[in-house]
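The following exercises concern a single protein chain. Please work through each task before reading its solution.

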Amino acid sequence: MSLMTPEIRPSAIAQVNPVAKLAVALLISCALMLSIDWVSAAVALLLEVVLLAWCGLSARQFWLRTAPVWIAAPFAVLTTVLYGQDSGAVLFSAGFVSVTEGSVALALAIGLRILAIGIPGIVLLATTDPTDLGDGLAQVLRLPARFVLGALAGLRLVGMFIDDWHSLALARRARGVGDGGGLRGRGRRFGGLAFALLVLSVRRGSKLATAMEARGFGSDLPRTWARESVFGLRDGLVVAIGAVIAATAITAAVLARTWHFVLA
C-alpha cells in the first residue's frame, strides 16, 4: 500500500529520493523558524507555489491534503491579532482584547509561516512512497534498521485509519449506538469512535510487533535491502533548490529590515 493514490499523477518530484525531500523540508522549516517576520515567509511561500506545478497532485488532491493547514492558518492569525503582544499604534480595543500594528504584523508572519512550512511538507509526503522512504533512511542516512522498519510499518498503517473509522461508524450505526441528535449527540458519537479507533490501533500494533519479531525484523544482524536507494545528481539539485529558497527568503527579510533573529 502506498501513500500515493491513483489520482496523483507521475511527476518529477515523485522520482526524487525521499531523503532529498526530507532535507528540503527541514532546510525551509529551519530557515523560517529563525525569525518571525512576514517578508521571509511570504517570499518562501511564493517560491514554493511556483514549484507546485511539478508536484504531480491534482487540484482536488492538493486542496484536500492541505486543508488542515488552510484551516489552522486563519485561526492562528485571528488568535494572534486579538491576543498577541501589543506594540505600535492601537487599531482597536475592547475590554481585554486589543489590536495593534505589532499584533497584526505578528499574526501575518505566523499565518504565512504556517502555510510556508506546512504546504511543502504535506506535498512532499504525498509524493513519497513509504518503502522508498525506508530505503533512503536506511541506505543513505544509515539509520538503524530496527528504527526504520518500525517507522515504515507504522506509516503503512496510517492509511488504514480512515477505513477503520468508516467501518466502526457503520458497525455502531447498525447496532443503534450513538445515534443521538444535536451537538451533544455528535460529540458523544465522535468520542466513542475515537476511543474505539484507539483500542483497535493498539491491538493491531501489538499484533504487528509480534509478527515482525517472529519474522526476524528485530534482529541486530546486518540487513540486506531489496531495492537500492541512490542519492544522485538530481537529488542534490533538489536540495540545492531548497537551500536557495531558504537563502532567498532570509536575504529578502534582511534587505527589507524585517528580520528579527528569535534567539537574539
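**Exercise 1.** How many residues line the largest pocket, and which lie nearest its centre?

*Solution.* The model is predicted: local features need pLDDT of at least 70 and side-chain atom pairs pLDDT 80 or more, while totals for chains, interfaces and linings use all residues. Residues are numbered from 1 along each chain as its sequence is written, and side-chain values use heavy atoms, without hydrogens and water.

Step 1. A pocket is an open set of points on a 1 Å grid over the protein atoms alone, where a 1.4 Å probe fits, with protein on both sides within 12 Å along at least five of seven lines; lining residues have an atom within 4 Å of a point.

Step 2. The lining of the largest pocket comprises 21 residues, with Ile13, Leu51, Trp54, Leu124 and Val238 nearest the centre. Two or more lining residues come from each of α1 (18-33), α2 (38-51), α5 (101-126) and α10.

Step 3. The largest contribution, six residues, is that of α10.

**Exercise 2.** Is arginine 142 buried or exposed?

*Solution.* Step 1. Arginine 142 belongs to the loop between α6 (130-139) and α7 (145-158), helices here being DSSP runs of H or I with at least four residues.

Step 2. Its relative accessibility is 67%, so arginine 142 counts as exposed (over 50% relative accessible area; buried is under 20%, partly exposed in between; 1.4 Å probe, protein chains only).

Step 3. The phi of arginine 142 is positive, near 60°. Most residues other than glycine have a negative phi.
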